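Please examine the sequence together with the model shown below. The paragraphs that follow proceed from the overall fold to the core, then to one helix and to the charged pairs.

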Amino acid sequence: MVSRVESAAATRRALLDAAADLLDVGGPDAVTLRAVGARAGVTRGAPYRHFPDKDSLLTTIAAEALDQLADQVQVVRADPRMPPADTLQRALDALMTIGRRQPHLYRLMFASPVGAAATVHAAVQAADRAMDEFLTIVGDLVGAQHARRFAALLLTSAHGITDMQVNGHLSADKWHITAEELVSTLVSMIHRQARNG
């Protein structure tokens, strides 16, 4: 027999999965509590018992994605056989893959969180965790004292590369280079700069 707590957790999970699907297909405008409830196959009132409003639901989706990204980066960082430059490239690739495959989610992950205070707090914690993992990887390559400066350069560049690719402005025919090659070039330049002081 399923307990009330287990049932509530299953309903919440179904709502989050339904909302993530709607987000992928139609962006934030497609995510309404009514549409999410219908897609999850729950009663009309169920979404409101788990999320006070749409913003809190979307922010929860973003927080989960940030936590999953932090988990991925942590796994990459834990591989002792991988050189720091390769580790950094794999971490950036994990981020950019979200941007390419789920552009609405990607934008949501980097938007300022809104909604209920507890939801916003959880999203800020998830973002901080993902950033700490990324800063550690960058620091392993360039030294902790330079990590923030180079991390900012890498993230802004990765965002730009991802945005150009998603919007069809980074074609190999036009630029004669792939997104992966751009990231590799950027990591090499940063590594060289950090070594030369």
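A residue is called buried when its relative accessible area is under 20%, exposed when it is over 50%, and partly exposed in between, with a 1.4 Å probe and protein chains only. By that criterion, 38% of the 197 residues of the chain count as buried. The model is predicted, and local features need pLDDT of at least 70, side-chain atom pairs count only at pLDDT 80 or more, and totals for chains, interfaces and linings use all residues. Residues are numbered from 1 along each chain as its sequence is written, and side-chain values use heavy atoms, with hydrogens and water left out.

The C-alpha atoms fill a box of roughly 60 × 35 × 30 Å along the principal axes. Contact here means heavy atoms within 4.5 Å. Among the contacts with a separation of 6 or more, 67% come from residues 24 or more positions apart.

What lies in the interior? In soluble globular proteins, nonpolar side chains tend to be buried together. A nonpolar core is defined as a set of buried Ala, Val, Leu, Ile, Met, Phe, Trp, Tyr and Cys residues joined through side-chain atoms within 4.5 Å. The largest such core in this model has 54 residues, and Leu88, Val138 and Leu154 have the most contacts inside it. Helices that each supply at least two of its residues include α1 (4-26), α5 (84-101), α7 (117-142) and α8 (147-166). The helix that gives the most is α4, with 10 residues. Leaving aside neighbours within four places in sequence, Leu88 is in contact with Phe134, Ile137, Val138, Leu141, Leu154 and Val187.

Just after α7, Gly143 takes a positive phi of about 95°.

Side chains of opposite charge can pair when their charged atoms come close. A salt bridge is counted when a side-chain nitrogen of Lys or Arg is within 4 Å of a carboxyl oxygen of Asp or Glu, and the count comes to 9 salt bridges. One of them joins Arg129 to Asp71, with the closest N and O atoms 2.4 Å apart. Because Arg129 lies in helix α7 and Asp71 in helix α4, the pair ties together parts that are 58 residues apart in sequence. Arg129 is partly exposed at 26% relative accessibility, and Asp71 is partly exposed at 38%.

Arg13 has a relative accessible area of 34%, whereas that of Asp17 is 38%. Together with Glu64, Arg13 and Asp17 are linked in a network of salt bridges. A further salt bridge joins Arg100 and Asp93, at 3.2 Å from N to O.

Terms used: Helix = DSSP H or I, 4+ residues; strand = E, 2+ residues; numbered from the N terminus.
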